[in-house]
Amino acid sequence: MSKYRLLLFFILALLLALIPVSYRLSTNAVFSLASPTQSECRIVQHDLGEACVPLHPKRVVVLGGLDAVLALGVKPVGAEGTIESFYEAAFSKADLAAIEPIGFSETGVDLEAILKLKPDLILQLAFWNYVSPTYDLLSKTIPMVVVMNQTEAEWKSVFLKYAEALGKTREANQILASYHARLAEFQARMGDRLNQIKVSLVRVFPLGLSFYLKTSFPGSIVAETGLQRPPVQDVTSPQALYIDVNPEMLDVLDGDVMFVWSFGYNAPMIRTAQSVLKRLQSDSLWSQLKVVQQKQVYEVSSSTWMGYGPIAANLVVDDLFKYFLGEPSS
């Protein structure tokens, strides 16, 4: 073999040897997220294992349970879902507008958008043991803390685990103590009425209506107050938050007091749901309900009553003070 060919062979072999190294470097560059060393982080146990979480996370991405993070005074760089207007109880409109939207759990989050944000911590909420593929894809390079819930009634466990990951357990305990104090005030002022009033929880959506169970977010709050539920609605279920109602069987919605809200994932759906509610209110079966005849039906905000976290929970309690006691809590 000539010296020229030998040199050419050597150069080709060297280039082939460098390809895997180049690939590894470029792959790492895609994520460009160095995991913190043991001295820079603390181990947080979660439902899918453990994560080495930075001592002071600065770039947090939230995949469900945004309310809990905002309540702790942390503004994430990105979040899944809708940035609700009631979050302004914790942050200004400008601050909330700066949170990067990364998609919806119903249609899938944007992995590329998450990576561009270069998070140093991802918090993820999963229901009914379903964890999206994002965990396997991201947890290898980014600290992730996952909380798996079976019902919405477990919202406090999400709050406390998120607080642990963010190093804000003390603040979380103070927030929950304040929440429980408000419930105690409500109970004291209601007295024996708590055992006498049955509360119906009704959602109207574009294709029909349903009543919410005790294991739903609003149902769990009503249960904590000690207020009663109509017999048909006095149900807990690990697999359902609500039960759909046949329009011919509206009597299952009756109670002493009804809270009703219309809901849709976007503006057209919201308008359709509101139209359905108006048609329902003109239905003869609706007008026969005792709660309607006694004018004890109250329309409330869907975003708060279908929320999930301490900010929404306190706003639901605000409504209870308003409609049962006619004044805010002290």
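Which residues does Thr134 touch, not counting residues up to four places away in sequence? Keep that in mind as you load the model, which is predicted.

**Stop 1: Thr134**

Select helix H5, residues 134-138; Thr134 is found there. Now show its surroundings. Thr134 touches Leu63, Val109, Leu111, Gln124, Ser139 and Met144, leaving aside residues up to four places away in sequence. Is Thr134 buried or exposed? Its relative accessible area is 6%, and the cut-off for buried is under 20%, so Thr134 counts as buried.

**Stop 2**

Go to Tyr162. Beyond four places in sequence, its contacts include Val62, Leu63, Gly64, Gly65, Ala68 and Val69. Leu123, Gln124, Leu125 and Val147 also touch Tyr162. Leu63 and Gln124 are contacts of Thr134 too.

Now widen the selection. The largest nonpolar core has 61 residues. Leu123, Tyr162, Phe186, Leu227, Phe259 and Phe324 touch the most other members. Colour helix H13 next: with nine residues, H13 gives the most to this core. Then pick out a second, separate core of 18 residues. Phe211, Val276, Trp286 and Leu289 are among its members.

**Stop 3: Helix H7**

Select residues 169-190. This is H7, with 22 residues. From first C-alpha to last, H7 reaches 32 Å, close to the 32 Å expected at 1.5 Å a residue.

Which residues of H7 are buried? Show Ala172, Leu176, Tyr179, Arg182, Leu183, Glu185, Phe186 and Met190. Residues three or four places apart on an α-helix point the same way, because there are 3.6 residues a turn. The cover over the buried residues of H7 includes helix H6 (155-166), helix H8 (217-225) and helix H13 (310-325).

Step off the end of H7. Just after the helix, Gly191 takes a positive phi of about 60°.

**Stop 4: The five-stranded sheet**

Switch to cartoon view. Here an open sheet of five strands runs in the order E12-E11-E10-E13-E14, with mixed pairing. Strands E12 (242-244) and E14 (297-299) are the edges, each pairing on one side only. From one strand to the next, the twist averages 30°.

Zoom in on residues 208-212, strand E11. E11 pairs with E12 in the antiparallel sense, over three bridges. Show Ser210: its bridge partner in E12 is Asp244.

**Stop 5: Helices on the sheet**

Bring H8 back. H8 packs on the sheet and touches E10 (199-205), E11 and E13 (257-262). Its direction makes about 165° with that of E10. Finish with helix H9, residues 267-281. H9 lies across E10, E11, E13 and E14, running at about 125° to E10.

How values were computed
Residues are numbered from 1 along each chain as its sequence is written. This is a predicted model: local features need pLDDT of at least 70, side-chain atom pairs count only at pLDDT 80 or more; totals for chains, interfaces and linings use all residues. Side-chain values use heavy atoms; hydrogens and water are left out. Helices (H or I, at least four residues) and strands (E, at least two) are DSSP runs, numbered from the N terminus. The expected span of a helix is 1.5 Å times one less than its number of residues. Buried means under 20% relative accessible area, exposed over 50%, partly exposed in between (1.4 Å probe, protein chains only). Contact means heavy atoms within 4.5 Å. Two strands pair if DSSP finds at least two bridges between them. Axes are lines fitted to C-alpha atoms, for helices over the stretch in contact, and angles run from 0 to 180 degrees between N-to-C directions. A nonpolar core is a set of buried Ala, Val, Leu, Ile, Met, Phe, Trp, Tyr and Cys residues joined through side-chain atoms within 4.5 Å.
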